[in-house]
Amino acid sequence: MASALTPDRFVAPTVTATAKIVVAGAFGVGKTTFVSSVSEVPPVHMEEPITRASALVDDLARTPAKSTTTVGVDFGRTHLSDDLVLYLFGTPGQIRFRFLWEELIVGALGALVLVDPRDLDASHEILGLLEENGVPYAVAVNQFDGAPHHPLGEVHEALALAGHTPLTVCDARERASCMQALIQLTEYLVRLAHSLEPRP
């Protein structure tokens, strides 16, 4: 597949469809790591060092080693199959960047929301925004080392997800589990699209 690419052609000739997918979630939930794990091209990150001033605002209790934070967008690209490419746009996590969340969801086919099992409540803001704007989404619980393993049924209930919302577990550091979460989201989006098709 890669041999078919040229400087002016960025996807394989077999590709017949592309989709914009937003990777969203609260501060420090692993969005930048997720995009880096699945991207086939060098990912674009817009990060800045965490300053003393931002450390007073952003909760670093669960990520004490975190030294940078996304202040713009993470971008990556991955082939989900020979004919489908996903363009991934990772959002910043802090609520003060809500205006960027609103910009980034424009034109998105769907979103994958990463949640932190140590702080499920931090996800409600982005989940609410996606629902207000009619953006379909799936949820993936990013399993941090030492984090609690909640049964998915309890996570589903705690996040007040609709019954059809896909929910899975992933490790943002591992490409295979990240790709599985994207496949689950894409299959859900296909089912939604088929359900909206006019019936004869």
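Guide: Buried means under 20% relative accessible area, exposed over 50%, and partly exposed in between (1.4 Å probe, protein chains only). This is a predicted model, in which local features need pLDDT of at least 70, side-chain atom pairs count only at pLDDT 80 or more, and totals for chains, interfaces and linings use all residues. Residues are numbered from 1 along each chain as its sequence is written, and side-chain values use heavy atoms, with hydrogens and water left out.

Visitor: How many salt bridges are there by the rule?

Guide: A salt bridge is a side-chain nitrogen of Lys or Arg within 4 Å of a carboxyl oxygen of Asp or Glu. Counted by this rule, the salt bridges come to six.

Visitor: Is Glu-125 buried, exposed or partly exposed?

Guide: Glu-125 pairs with Arg-98 in a salt bridge, N to O 2.9 Å. The relative accessibility of Glu-125 is 32%, so this residue counts as partly exposed.

Visitor: How many residues apart in sequence are the parts that Glu-132 and Arg-98 tie together?

Guide: The side chains of these two residues, Glu-132 and Arg-98, meet in a salt bridge at 3.3 Å, N to O. Helices are DSSP runs (H or I, at least four residues), numbered from the N terminus. Because Glu-132 lies in helix α4 and Arg-98 in helix α3, the pair ties together parts that are apart in sequence by 34 residues.

Visitor: Is Asp-116 buried or exposed?

Guide: Asp-116 forms a salt bridge with Arg-118, with the closest N and O atoms 2.9 Å apart. Arg-118, at 29% relative accessibility, counts as partly exposed. With a relative accessible area of 7%, Asp-116 is buried.

Conventions: Helix = DSSP H or I, 4+ residues; strand = E, 2+ residues; numbered from the N terminus.
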